[in-house]
Amino acid sequence: MMRRAILPALLLLAACDSPAKVAFQDASIALPDDPIDLPEGPGRDAVLENCTACHSPSTMLQQPKVSAEKWESIVGKMKKLYKAPVDDAAVPAIVGYMVHVQSLPEGER
Ligand code: HEC
């Protein structure tokens, strides 16, 4: 997610030095049938920063609707079982975001 935004910016910077040599290209990839983007909402950045290193957003989005407590335990499981480097301070934002996203109507997530 972050990489997609950063790479074109770097290309732009490089373009300032030597405009003739830089070939612009789309640096993003799209996996089939995978909703890559997370819907807008509070806590989205925390999820992007802490949760998308190992799996795509769809792993998180395509879950049965569960409570905030359950999301907290899922995040705990990511940390303990999979050694996810999740920032403790970000956990409430992550949990809040997941609950928010699951409350969206079907078509918006
Ligand atoms: C260090 C790697 C890693 C990080 C970072 C990570 N996960 Fe996971 N996650 C996994 C693995 C491995 C699985 C199980 C295999 C799979 O489904 O890909 C998994 C599975 C899941 C699942 C599927 C249901 C389940 O309980 O297995 C959910 C939901 C999930 N992760 C949410 C999150 C959230 C939310 C975050 C951010 C707090 C996060 N993950 C960060 C590795 C990670």
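**Figure 1. Contacts and overall fold of the predicted model.** In this predicted model, residues 24 or more positions apart account for 60% of the contacts in the protein with a separation of 6 or more. The secondary structure consists of five helices and zero strands, and the pattern along the sequence reads α-α-α-α-α. Of the 109 residues in the protein, 12% are buried.

**Figure 2. The surroundings of the ligand.** The ligand is surrounded by 17 residues, the closest being Cys51, Cys54, Met78, Tyr82 and Ala84. Helix H2 (44–51), helix H3 (57–61) and helix H4 (68–82) are the elements that each give two or more residues to this shell. H4 provides the largest share, five residues. Sorted by class, the shell holds 11 nonpolar, four polar and two charged residues.

Figure 3. Gly76 counts as partly exposed because it has 13 C-beta neighbours inside 10 Å, whereas a buried residue needs 20 or more. A distance of 8.9 Å separates the C-alpha atoms of Gly76 and Val86, which lie 10 residues apart along the chain.

**Figure 4. The largest nonpolar core.** This core comprises 12 residues in all: Leu38, Ala46, Val47, Cys51, Met60, Trp71, Val75, Ile94, Val95, Tyr97, Met98 and Val101. Two or more residues of the core come from each of H2, H4 and helix H5 (91–103). The largest share, five residues, is supplied by H5. In soluble globular proteins, nonpolar side chains tend to be buried together.

**Figure 5. Helix H5 and its buried face.** H5 contains 13 residues and reaches 18 Å from its first C-alpha to its last, close to the 18 Å expected at 1.5 Å a residue. Its buried residues are Ile94, Val95, Tyr97, Met98 and Val101. Seen down the axis of H5, these buried residues fall within an arc of 160 degrees, so they line one face of the helix. An α-helix has 3.6 residues a turn, so residues three or four places apart point the same way. The cover over the buried residues of H5 includes H2, H3 and H4.

**Figure 6. The contacts of Val101.** Val101 is one of the buried residues of H5 and also belongs to the largest nonpolar core. When its neighbours within four places in sequence are left aside, Val101 is in contact with Pro39, Gly41, Leu61 and Arg109.

Terms used:
Residues numbered from 1 in each chain as written. Predicted model: local features only at pLDDT ≥ 70, side-chain atom pairs only at ≥ 80, totals over all residues. Near = placed C-beta within 6 Å. Helix = DSSP H or I, 4+ residues; strand = E, 2+ residues; numbered from the N terminus. Nonpolar A, V, L, I, M, F, W, Y, C, P; charged D, E, K, R; others polar. Core = buried A, V, L, I, M, F, W, Y, C linked by C-beta atoms within 7 Å. Contact = placed C-beta atoms within 7 Å. Expected span 1.5 Å × (residues − 1). Arc of directions from axis to C-beta.
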